[in-house]
Amino acid sequence: MTAKEWKFTSKDIANKPDLFLSGHRACAGCAPATVLKLVMKATRGPTIVTEATGCMEVVSSIYPYTSWATPWLHTAFETAAANASGIEAALKIMKKKGRISKEHVDVIAIAGDGGTFDIGLQALSGAVERGHDFLFLLYDNEAYMNTGIQRSGGTPHGAATTTSPAGRAVPGKLEYKKPLADIMIAHDMEYVATASPYYWRDLITKVRKGLEVEGPAFLHVFAPCPRGWRSNPAKSIEYSKLAVETCVFPVWEAVNGEYKLSIPSKVLSLAPQRKKPVSDYLKGQGRFRHMFKPENKALLEEVQRITDKRWQKLLKKCNLP
Amino acid sequence: MANIIKQKMMALAGDQAVAYAAKQSDVDVVAAYPITPQTIIVEKFSEYVANGEVETEFVCTESEHSAMSASLAASVTGARAFTATASAGLALMHEMLFVTSGCRAPVVMAIANRALSAPLNIHGDHSDSMAQRDSGWIQMYAENSQEAYDSIIQAFKIGEDSNVLLPVMVGLDGFTLSHTLENVETLSDEVVQQFIGIRKIPNVLTHEDKQSPFRLDPKNPMTMGPIALQNYYFEFKRQQEEAMKNALEAIQDVNKNYGDLTGRKYGNGLVDAYNLKDAEVAAICLGSTAGTMKTIVDKLRKEGIKAGLLRIRTFRPFPSKAIKSALRNVKAIAVMDKSMSFGGNGGPAYHEIRHVLYDSESKPFIVNYIYGLGGRDTSPTQLRTIYDDLQQILKNQTIEEPIKYLGLRE
Ligand SMILES: Cc1ncc(C[n+]2csc(CCOP(=O)(O)OP(=O)(O)O)c2C)c(N)n1
């Protein structure tokens, strides 16, 4: 990436008009809504947004109201990246033919974990392979929330959802979270990063970096959902912090495949004693409550084990001890 | 007819004719995915792109689902979008067809009509597009490659009409037309572009009572493809029906204007009647079958039999009035369907024709022939039996078998 790093102050951000407006119907404590507000603070000029079906689409576009102060398109659940392809192709050729102004227009595709890890993955992979110039923003609330908390490929091991309930025989979701950002890096993308809304400056900076890439960029943002996680709505941002502090959701970026921890996670690599146990993050979330029962002790240990293992793997990728 | 424009004869298979028409229509974005028997269209268009013969963004998607999504997105961004598919590809697009018409995106799509699996079959019938007849798309079926060429050009003009704003699919029979070389009269690029013009984006009224272009425009932010619930959804759908009604007019106008320019008119644009005026028995069909049927009608006429043919060129919107009027004197009618509606008592064209004629004063006999599924060849001899049957019905004044399968082992 050659572009100079964008510098901004809190005041700049506060003064910048919102493109994702208030008045939407998101629940109290909805981190995805906070994420979108922050993401749209990072735009650098005219921007078209296309969004997959899911909570954020539904809460922001109930006709005849809209929360979008920028052109916005929704078509279906699995189509965010395909839409972005079409929008980008149209802008390119219409500019070339002189039908619209030559001014650059950024394209952001937004989808939840369902619209990204699962049903939208093919379209995403195809659009990235074709090299369209767009930023794909995944807000990851770790389940299909819009339809009532069903498991997705992004739901973590052990979590109870309505299609992976914690029952007497099966203690929540048995499968592990798909390492999606790594899959995107395997597409040879110029810019892939993860972010968490607690570290909002880091998040905004990464959005801007993604937009500056001439080609596809991918940003995976952690986004707690108090309804789906059965957690206190006042604590969504706190969980965004804890997920990073426990290394459940490390924040990093990979420029041309070179992994680099971002400061909040980098600190933990330098001072491992500050890394918190996963239980600090899991406790208080209803979706993990069953894991604290004595009979599920192994499950809790397994979550710690897989978290440590993935963290070690990440450190290696970052050339850190 | 004096002012017919000079044209150039080219030897083109149906698919090539379609690709050539799309090329001449100054399409901005083509997002497509290959499938037999449509593949030649995508290939041919890729060639145009590779040789710099078109100013088009070609998006070679990873599926038809994405091809339709990208076409739709390009269209609502303001581009003229074209795509093509068939069979399984059209079935995979199913979800997005409704979204495209619902978003009022005038995408044009060629369908090289082909059977649906299972069993797998790559040959021609109308199962694929008939299964999409309620998807909100205008549907036209070409009789030959010439008409496929002409219809693609017309489709942009029809779909982009501000009173219509609907996507249009143009069917051409798989292999029979898609892969068969024909002499096709072609217009010059300039004439085609003059006829269609650059895509005009209509203005719509915003919530602030401002006029705003109906597209994704950063200067006039618009929310497209919103969620509309019990209180608004219904009105959106009703407007689509109104647009379909308007399309009946637009198709006729475009057919007329195009005819004045080129000397080629396809009936009134909706239906094409052949020897129907005094006909007592008539068959009704779609697509390439009409060519063979016309030669049979000619033969019968020579034998003194008052036979006629009605070809439905536009299946959606269904031209009820035109059909009723064309058939008002016919006493026995055979509707030919190249697709099935399992358990539905006959094929889709039969259903619609019977529906249209239910309250007709002439109360004709109406029977259904299902034929040609999976590309099954139907010989002129077999086709002639349709008229023989109709005469028998007239003679006996009764229908023995309302639904028959032509050329089938039973
Ligand atoms: C093809 C299709 N299948 C299923 C659905 C139903 N559906 C709508 S949103 C959704 C889940 C969305 O989950 P996610 O992408 O994680 O976003 P969230 O709602 O959690 O923000 C589902 C299953 C649909 N709209 N389309």
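Predicted model: local features only at pLDDT ≥ 70, side-chain atom pairs only at ≥ 80, totals over all residues.
## Salt bridges and surface charge: worked exercises

Lys324(B) counts as partly exposed, at 31% relative accessibility. Here, buried means under 20% relative accessible area, exposed over 50%, and partly exposed in between (1.4 Å probe, protein chains only).

Residues are numbered from 1 along each chain as its sequence is written, chains are lettered from A and ligands numbered from 1 in the order in which they are written, and side-chain values use heavy atoms, leaving out hydrogens and water.

**Exercise 1.** Find the salt-bridge partner of Lys324(B) and say where each residue sits.

*Step 1.* Look for a side-chain nitrogen of Lys or Arg within 4 Å of a carboxyl oxygen of Asp or Glu; that's a salt bridge. Lys324(B) makes one with Asp359(B), with 3.0 Å between the closest N and O atoms.

*Step 2.* Helices (H or I, at least four residues) and strands (E, at least two) are DSSP runs, numbered from the N terminus.

*Step 3.* Check the cover: Asp359(B) is exposed, at 52% relative accessible area.

**Exercise 2.** Work out how far apart Glu242(B) and Lys245(B) are along their helix.

*Step 1.* The two form a salt bridge, their closest N and O atoms being 3.8 Å apart.

*Step 2.* Both sit in helix α8 (residues 233-262) of chain B, and because they are 3 residues apart, about one helical turn separates them.

*Step 3.* Glu242(B) is partly exposed at 32%, and Lys245(B) is partly exposed too, at 44%.

**Exercise 3.** Decide whether Arg99(A) and Asp28(B) are buried, partly exposed or exposed.

*Step 1.* Their side chains meet in a salt bridge (3.3 Å, N to O). This pair crosses between chains, from the loop between α4 (80-96) and β3 (106-111) of chain A, which holds Arg99(A), to the loop between α1 (14-24) and β2 (29-32) of chain B, which holds Asp28(B).

*Step 2.* Arg99(A) has a relative accessible area of 31%, so that's partly exposed.
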